[in-house]
Amino acid sequence: MIVRAAPQEYICGQGCWNLLEHHLERRGISSALVVRGGRSWEAAKGYFPDFKRLELQFYRYGGECTYAERDVIASEVTRLGLQAIIAVGGGKVSDSAKAAAALLRIPVIILPTLAATCSAWSSLSVMYDEAGTMVGFEVFPGSNALVLLDPRVILDSPPELLVAGIGDTLAKWYEADAIISHLSSPSEEIALAHYAARRCRDNLMAHSAEALAAQESGELKDAFVRVVETNILTAGLVGGFGEDYGRTAGAHSIHDALTILPETHRLLHGSKVAYGVLVQLVLEGKLEEIGRLLPFYEEIGLPATLKDMGLSGLTREGRLSVAARAVEPSASIHRMEGTFDAVKVADAMEELESLVSALRARETAAACR
């Protein structure tokens, strides 16, 4: 195991982006390429500080974290003779910037505009192809140099992206526990990952509804900041300390498999992961836990079924294709106890549809009494 627990420095606080030039100067950095998104930049650019002494160049990333995009960013940095990369945006912007910085062996600074993944924290990038299908991930030997998290910026982001972040982060507990709970004597690092994963679940179950209400009203409340930091910091600690024992298991295998369907590319990462959590729980035989989670999913708007994601037309053959991708030899589902094949996973997907339908019918009947 290699512990990659955290960025070199992390600051969370309203207005902390204004410290950016100071922190670059502390590092001896006099020039940088700002890699930014599109819509996220339009929403956040008012918070981006004016620079008085340092040289900045700007680059709008191409919309997908691919190896080709990584190479274009790296070429821009080299062509312009710059010393660092600053990522301003969501997870794919951060992942693209991290991959390019790792290629060039230069510092990367992350200014997240969303709390939809822990990308701002982690020292890895999830890589896709041009069509949006996940092809793998790259883990880097160096940590992110600096993360400046301004919760006010996140408050202005679309609420559905925070919901997706909650779904992705909730999976930290279910995936880490599926692996770690079967270890006879977890190392101290893995024990810390397990604790952080539990903290993710407990924080989100306790504070998500209040956080989303605060975002809707535009109020920077403690519950909102706690959920944002859980999605970025606490979630990042799970993989940072636990590595393969704390990163992904069945839920992310289901997510990765769903990306082979073009119609899922419109869905957010965390939404697909949240669905994957429930499929994983079926595979583990933890049906009662699905009953406990379903009201939470419905309260905050996470999908629990293929139908919820607009995929009710997926045939048995289509489910088997997705399931076959989910159980490829390198898939993280095999970190769990047991053996898994395409038929078993496709059956679990179908069982989940029936189970959730029955639970919802029971809830409706109870409400009508």
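User: Which residues are linked with Arg 319 in a network of salt bridges?

Analyst: Happy to start there, with the note that this is a predicted model, where local features need pLDDT of at least 70, side-chain atom pairs count only at pLDDT 80 or more, and totals for chains, interfaces and linings use all residues. Residues are numbered from 1 along each chain as its sequence is written, and side-chain values use heavy atoms, with hydrogens and water left out. A salt bridge is a side-chain nitrogen of Lys or Arg within 4 Å of a carboxyl oxygen of Asp or Glu. Salt bridges link Arg 319 in a network with Arg 316, Asp 347 and Glu 350.

User: How many residues apart in sequence are the parts that Arg 319 and Glu 350 tie together?

Analyst: Their side chains meet in a salt bridge at 3.8 Å, N to O. Helices (H or I, at least four residues) and strands (E, at least two) are DSSP runs, numbered from the N terminus. Arg 319 lies in helix 12 (residues 316-326) and Glu 350 in helix 13 (residues 342-368), so the parts tied together are apart in sequence by 31 residues.

User: Is Arg 319 buried or exposed?

Analyst: The classes rest on relative accessible area: buried means under 20%, exposed over 50%, and partly exposed in between (1.4 Å probe, protein chains only). Glu 350 counts as partly exposed at 24%. Arg 319 has a relative accessible area of 13%, so this residue is buried.

User: How many salt bridges does the count come to?

Analyst: Another pair to look at is Arg 201 and Asp 202, whose side chains meet at 3.0 Å, N to O. Asp 202 is partly exposed, with a relative accessible area of 38%. By the rule for salt bridges, the count comes to 21.

User: Which residue forms a salt bridge with Arg 4?

Analyst: The closest N and O atoms of this pair are 3.0 Å apart. Arg 4 lies in the segment before strand 1 (10-12) and its partner in the loop between helix 8 and helix 9, so the pair ties together parts that are 239 residues apart in sequence. Arg 4 counts as buried at 16% relative accessibility. The partner of Arg 4 is Glu 243.

User: What positive phi does Glu 243 have?

Analyst: Most residues other than glycine have a negative phi. Glu 243 is buried, with a relative accessible area of 16%. Although it is not a glycine, Glu 243 has a positive phi of about 45°.

User: Is Arg 105 buried or exposed?

Analyst: Arg 105 lies in the loop between helix 4 and strand 5. Its phi is positive, about 60°, although Arg 105 is not a glycine. With a relative accessible area of 79%, Arg 105 is exposed.

User: How far apart are the end C-alpha atoms of helix 4?

Analyst: The expected span of a helix is 1.5 Å times one less than its number of residues. Helix 4 (residues 91-104) has 14 residues and should therefore span 20 Å. The model agrees with that, as the end C-alpha atoms are apart by 20 Å.

User: What covers the buried residues of helix 4?

Analyst: The buried residues of helix 4 include Val 93, Asp 95, Lys 98 and Ala 101. For reference, contact means heavy atoms within 4.5 Å. The cover includes strand 2 (31-36), helix 3 (67-80), strand 4 (84-89), strand 5 (108-112) and strand 6 (124-128).

User: Which residues do ring pairs link into a cluster?

Analyst: Rings of Phe, Tyr and Trp (its six-membered ring) pair if their centres lie within 6.5 Å; planes under 30 degrees apart count as stacked, over 60 as edge-to-face and the rest as tilted. The structure holds five aromatic pairs. One of them is Phe 48 with Phe 51, stacked at 6.0 Å centre to centre and 10° between the planes. The cluster is made of Trp 41, Phe 48, Phe 51 and Phe 58.

User: Which residues is Gly 218 in contact with, leaving aside its neighbours within four places in sequence?

Analyst: Gly 218 is found in the loop between helix 7 (188-217) and helix 8. Gly 218 and Arg 152 are 66 residues apart in sequence and 9.1 Å apart in space, C-alpha to C-alpha. With those neighbours left aside, the contacts of Gly 218 are Arg 152 and Leu 155.
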